[in-house]
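Let's take a walk through this model, starting with its rings and ending in a loop.

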Amino acid sequence: MTTAGPLIVDRRFLTLSGQIPENLPENAVLLIDKPKGWTSADAVRKIKFGLQKRFRLKNVKVGHAGTLDPLATGVLVLCIGRATKSAQDLQAGRKEYLAGITFGATTPTFDMEKEIDATYPYGHITVADIKSALRGMEGEQMQYPPVYSAKYVDGMRAYEMARAGQPVDLKASAITIYGTHFIDYAPPVLSVRIECSKGTYIRAFARDLGLALGSGAYLSELRRTASGDFRAEDCLTMEDAVGLLG
C-alpha cells in the first residue's frame, strides 16, 4: 500500500489474479499502462464505464493524476472515488520518461501529431555533442510549453486556439530536469531517459535540445515509465483492466 497525505490507496484494487472486491473502495488508485492513440480522457471514460457496470452504480468518480499525450504510452494514474481529491498530490512527484527524439526536422506540435514543417542538417551532431547538450539541459529552468498543449489561455485550451488559427501567447513555466541518461544514438534518432518535475513537456525538451545542437528536433516516441513511486511494471494494460471489469 502507498500513502499520499491522508489518502490510502491500494495498488491491488485490480490485479491479474482477478480478485476484485465485492464493493468498490471509497479511495482507490488504478494504474493503467495507457495505450498509444488514447487520450487520458479516453482512458478515464473507459474505466468509469467498466466500474459502473461491474459494481452496478449509476455514477463513479474517476479522474487522472497527470495527463499523458495521445501518442505517449505508459503510467497513467487513475483516481477513483474520494481519491480524486488527492489527484494533485499524487501527480506532484517526479516523472521518468523514455523518449525517442529525431533530429533534422521540426513539426508544429513538436511531436508526430502533425506533419514535418521544416528540415535541418544533423550530420554534424556527434554522441559527444549530445551528451554535453543533455548535461546542459539539467537543473531548474523556465520552459516554454508547446502551443499545441492543454494549457489555458484566457479560458481556452491553447491547442483549441492553435487549431483555430488564433495567436497563442504562452508564458514560460518553472520546471526541473533532475537527470538525463543517454541510451543510444542511431542518426537521426536519439534514445534518452529523462527524470523531471511535474509540468515538464518532453516535446518542448526535444525542441530545445535540437536548438542546442544547431538543428531541429521533434519527439518521435514517448513512454512514461514512472510517476512518483508508481512504475510501469505496476500497471495493468487497458485490455486486462477492461477484461477484469467485464
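Rings of Phe, Tyr and Trp (its six-membered ring) pair if their centres lie within 6.5 Å; planes under 30 degrees apart count as stacked, over 60 as edge-to-face and the rest as tilted. By that rule, you'll find one aromatic pair here. Phe-103 and Tyr-185 make it up, edge-to-face, with 5.9 Å centre to centre and 75° between the planes. The two partners come from distant parts of the chain, 82 residues apart: Phe-103 is in strand S6 (residues 95-103) and Tyr-185 in strand S12 (residues 173-186). Strands (E, at least two residues) and helices (H or I, at least four) are DSSP runs, numbered from the N terminus. Both Phe-103 and Tyr-185 are buried, meaning under 20% relative accessible area (1.4 Å probe, protein chains only).

A word on ground rules: this is a predicted model, where local features need pLDDT of at least 70, side-chain atom pairs count only at pLDDT 80 or more, and totals for chains, interfaces and linings use all residues. Residues are numbered from 1 along each chain as its sequence is written, and side-chain values use heavy atoms, with hydrogens and water left out.

Now for the loop between helix H5 (202-212) and strand S14 (217-227), where Ser-215 lies. Ser-215 counts as buried because its relative accessibility is 5%. Leaving aside residues up to four places away in sequence, Ser-215 touches several residues, including Phe-103, Pro-121 and His-124; contact means heavy atoms within 4.5 Å.

Methods. Buried < 20%, exposed > 50% of the residue type's maximum accessible area, 1.4 Å probe, protein only.
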